[in-house]
Structure formats: C-alpha cells, structure tokens
Amino acid sequence: MKCPICDTAMDEGEVYLKKSFFNFLAFGFGSTNLIFKRDKPKQEMELMNPWDFNKAFHCPKCGATLIATETGRG
C-alpha cells in the first residue's frame with residue numbers, strides 16, 4: 001500500500017493499545033481507548049478499545065499511519 005500523503009510504500013502490521021506499568025500504577029485499571037474527533041460535525045468516535053487488534057499500515061518516511069477499524073459495521 002502506498003502512503004496517501006507522500007506516496008512511499010507503507011509497512012504493514014498491527015496496531016493495539018498498550019498501557020504501561022507506570023500508567024497502571026498512576027491511574028489504575030482505567031480504560032484506554034483510541035478516539036477520533038471529527039471537526040465537522042463535532043463528534044467523537046471510538047475507533048479502538050484495549051482488547052482490539054487491528055490491521056495497520058505505517059509510512060517510514062512521513063510517519064502517517066492508517067488503521068483499519070471495524071467502526072461502522074453492525
């Protein structure tokens with residue numbers, strides 16, 4: 001897959017949320033979710049929660065990351 005920003009070949013992999021041990025000690029079992037907030041209309045959308053593992057692509061040149069989520073299904 002080519003990067004939509006700089007047209008470089010993207011690395012394929014997987015994305016997930018990971019809570020560090022320090023984060024756990026400081027904040028406990030609180031949930032960590034990946035949220036996307038749209039500008040127009042102003043709306044938050046949960047893309048991932050801690051138990052999701054999603055396919056992803058990352059551009060080594062510009063740092064752009066594309067995450068394939070299941071948002072919108074069902």
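Me: Is Asn 54 buried or exposed?
Reply: In this predicted model, Asn 54 is buried, with a relative accessible area of 8%, where buried means under 20%, exposed over 50% and partly exposed in between, using a 1.4 Å probe and protein chains only.

Me: What does Asn 54 touch?
Reply: Leaving aside residues up to four places away in sequence, Asn 54 touches Gly 13, Glu 14, Val 15, Leu 47, Met 48, Ile 67, Ala 68, Thr 69 and Glu 70, a contact being heavy atoms within 4.5 Å. A polar atom of the Asn 54 side chain also lies 3.4 Å from the backbone oxygen of Ala 68.

Me: And which strand is Asn 54 in?
Reply: Asn 54 lies in strand 4, strands being DSSP runs of E with at least two residues and helices runs of H or I with at least four, numbered from the N terminus.

Me: How many bridges join strand 4 and strand 5?
Reply: Three bridges join them in the antiparallel sense, and His 58 stands opposite Thr 65 in strand 5.

Me: Switching topic, what is the pattern along the whole chain?
Reply: The protein chain reads β-α-β-β-β-β, and buried residues make up 14% of its 74 residues.

Me: What should I know about the numbering and cut-offs?
Reply: Residues are numbered from 1 along each chain as its sequence is written, and side-chain values use heavy atoms, leaving out hydrogens and water. Local features need pLDDT of at least 70 and side-chain atom pairs count only at pLDDT 80 or more, while totals for chains, interfaces and linings use all residues.

Methods
Pairing = 2+ DSSP bridges. Polar contact = N/O pair within 3.5 Å; in protein donor to acceptor, adjacent residues only side chain to side chain.
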